[in-house]
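Subject: Structure handover

Hello,

Here is the structure for your set-up work. Please look it over, then read my notes below.

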Amino acid sequence: MNEFKCENFIAPADPNETGYVQWKNFLRQWYLHGPYPMSPELRAAAEQGRWGEVLDAEAVPDEANLKPNVQPVSDPRDMIERGAWMRWETQLIRSQRRCPEKITPSAMLHEWYLLRHPDYPRADLPPGYVHLPIEAYTTDDELMPCFTELDAEQQRERGIRRQPYCPRCETNVEMESPQCPDCGQRLGGYVGYSAPGWPRKTDWRPSLPDDYSFYFLAAYLHAPPDMRRMRLLTGSEGQYKLFVNGREVGRYAGDSRWPQWDTDESPEIELDAGWNLLLVKLAHSTTRDDHRFFYSRLENRTAFFARPVTPDNRVVAVHNYADDRFAPECELRITLSDQIPIGPGPTPRLRRFPDGTLVCTNFRSTDNGNSWGPCPTLFVPALGSTFEDTQPADAATWEPQQDPATLVMGLKCWRIGDGVFQSHLCRSTDGWQTRELLDVTLHLEQGADLVDEGNVEAGPGAIRGMNIVGLPDGSLVMPMYGSLKQDVAWFDTRLNGYLKYPQEWPQQFKFRSWVMRSADGGLNWHYHGTIAALPELGDESFGEPNITLLADGSLMALLRNGGGDFASLWMSRSRDGGRTWSYPVPTNTPTGNAPQIEQMPNGVLACAFGRPDSRVAFDHSGSGLAWSHTVVASTCWGNRHVEIAVTDPDTLYCVYADDEMDVHGDRLSSKVRQMYGRHIKVERLSGDGNT
Ligand SMILES: [Zn+2]
């Protein structure tokens, strides 16, 4: 307890150091009070943009001296009446996992409301994320667009695979249209694909109205001895007033704007010894006016950012991991470099070629990732499998043994006959300066067109085209996931009592993961063995497999199994070159999706994976059974896709992307991402803790 008679749940952070307070995390401790509706007169002033006047009208008596007062309230509508504040906890709120210093008040209220409101779920039905016929919605429901898969020719012409359309009237729409120009259906971005004829709502919307209201936010700061003066860098979408210990220290009274980091800077603030209280009075106008953040529906609301600057002008950022060292007493010392900007691009895909060249999607580096220049893109979105600027390769002269590190396979394949599919195989033997392209054949007798959440896609699945592994006998193996003919499954996953996937759909599949093998250097691939096909496990079953050959000659696969951000990845082993695989088991640490395993020359096994955040886990035993260390490479969103490559015996390079902000903190346009890299040094320590 501190002098504000309010529990502080982050301090003391270090049990070995009495009284130690992890002060730089203080902005993880937001408290929220509100929303206070504006009076009709004040609302009129707000609508006319007279924000100075609006901010200076007191919503609560003596509001500069408000203090958090956390009380149990069973209905959030009682919060105002009882003066109750709610406390934000790191892992509860989706938005906060990415940027702890950013707060989105209505998102807090939203999750809290859903969890505790006695009327839930009746209060807000039908829910998001289930597929329902259009009749279940009104034009006021915010629906994800549906998508059509374009045919191959249209894909080539337009450079896109899918095209969004309005689920009510089937007019083609832009990805981020707020409403259908034809029928007025309210539309949102997508958080999952809607099936044709079966739209989905974008999220559960809070029922507590907050149009034209004030929120109060509070955070405690325990000033360390070396930081008795600081400035605050703040940013917001809307208008606010900032108080420290009851004194106003800043405000923003201009028009609504893009929410960005560090747009406003307070004067230097003298902190009291011990606890200080930062209070923000935040004006919220209306959601309908807000800008939209792709992929982050809950963030499509009034947001506030803050971070402190130390007297020597260093920004104190919770999500800056540059100086962090991890568990020095536990066998490994892991050090992350500063973030290195790579450039704008789509999803970051990292490949290291045999000469040491790194390619990250559309940038190339010949100095281990310290500097980058543009190059032809690894994968072009159309068909998911085209490569830029290639020469045709001559299949007749293709050697039956190829270095897998020179090969990149397309991500998709298409049917050319019964049980026969075709894809592109690209080879570069000079570090991506020149590229040769071949059409190669996949023999998959049971191959069916993949059905992913009701959308039928050409080909039986997704090829893990950068995960080609060479076996000691010279053959190549490569994982795929999708569905084979026998994988039809009807499943009963329910959300709020609604079936997530309607049983009226003619076909439903859960993912299977399997391995293809080539004995002729990649010209022909044959089904080799299934890693996992267990529809009873997980709401998606097993997808996104990644395989690696371990030192003991076995193959290890890590697999995604659905279940959201905190579900673990699963592991399976093969001791016969990928023909048969052990029953999969959950791993002890890595969570999320799209794993990528790399064996480091120093014997440490590394696994990159997304969701939550972009992370890399390490197994110092090299067995895949003991993921003892995990580092967070970044908390920025970017679809949370992270990839790694070994650059030195004890160093990895990892890449990830931010799809909200560019390097200057300015808003990126839709679908453009700013890619970044970091070196991760992983040193083994001797028993006494020294190197
Ligand atoms: Zn429409």
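pLDDT is the predictor's confidence in each residue, on a scale from 0 to 100. You need it here, as this is a predicted model. The protein chain averages a pLDDT of 82, and 81% of the residues score at least 70.

Two stretches call for care. Over residues 289-300 the pLDDT stays under 50, and the model has 37 contacts there beyond four places in sequence. Residues 319-329 also stay under 50, with 19 such contacts. Where pLDDT is low, the predicted coordinates should not be read in detail.

Now the overall make-up. The protein chain holds 6 helices and 45 strands. Of its 691 residues, 44% are buried. Take the contacts between residues at least 6 apart in sequence: 61% of them join residues at least 24 apart.

Tyr220 stands opposite Leu277 of β12.

Next, the surroundings of β34. Strands of a sheet pair through backbone hydrogen bonds, either parallel or antiparallel. β34 shows both senses. Strand β25 (residues 436-443) runs parallel to β34 (residues 524-532), with 3 bridges between them. Here Leu442 has Trp525 in β34 as its bridge partner. Strand β33 (residues 512-518) pairs with β34 in the antiparallel sense, over 5 bridges. In that pairing, Val515 stands opposite Gly529 of β34. β33 and β34 also form a hairpin, with 5 residues between them. Gly521 sits in the turn and has a positive phi of about 75°.

Last, a loop residue. Gln433 lies in the loop between β24 (420-427) and β25. Is Gln433 buried, exposed or partly exposed? The cut-offs are 20 or more C-beta neighbours within 10 Å for buried and 12 or fewer for exposed. Gln433 has 14 inside 10 Å, so it counts as partly exposed. Its C-alpha atom is separated by 9.9 Å from that of Asp389, 44 residues apart along the chain.

Best wishes

Definitions and conventions
Residues are numbered from 1 along each chain as its sequence is written. This is a predicted model: local features need pLDDT of at least 70, side-chain atom pairs count only at pLDDT 80 or more; totals for chains, interfaces and linings use all residues. Two strands pair if DSSP finds at least two bridges between them. Helices (H or I, at least four residues) and strands (E, at least two) are DSSP runs, numbered from the N terminus. Two residues are in contact if their C-beta atoms, placed from the backbone, lie within 7 Å.
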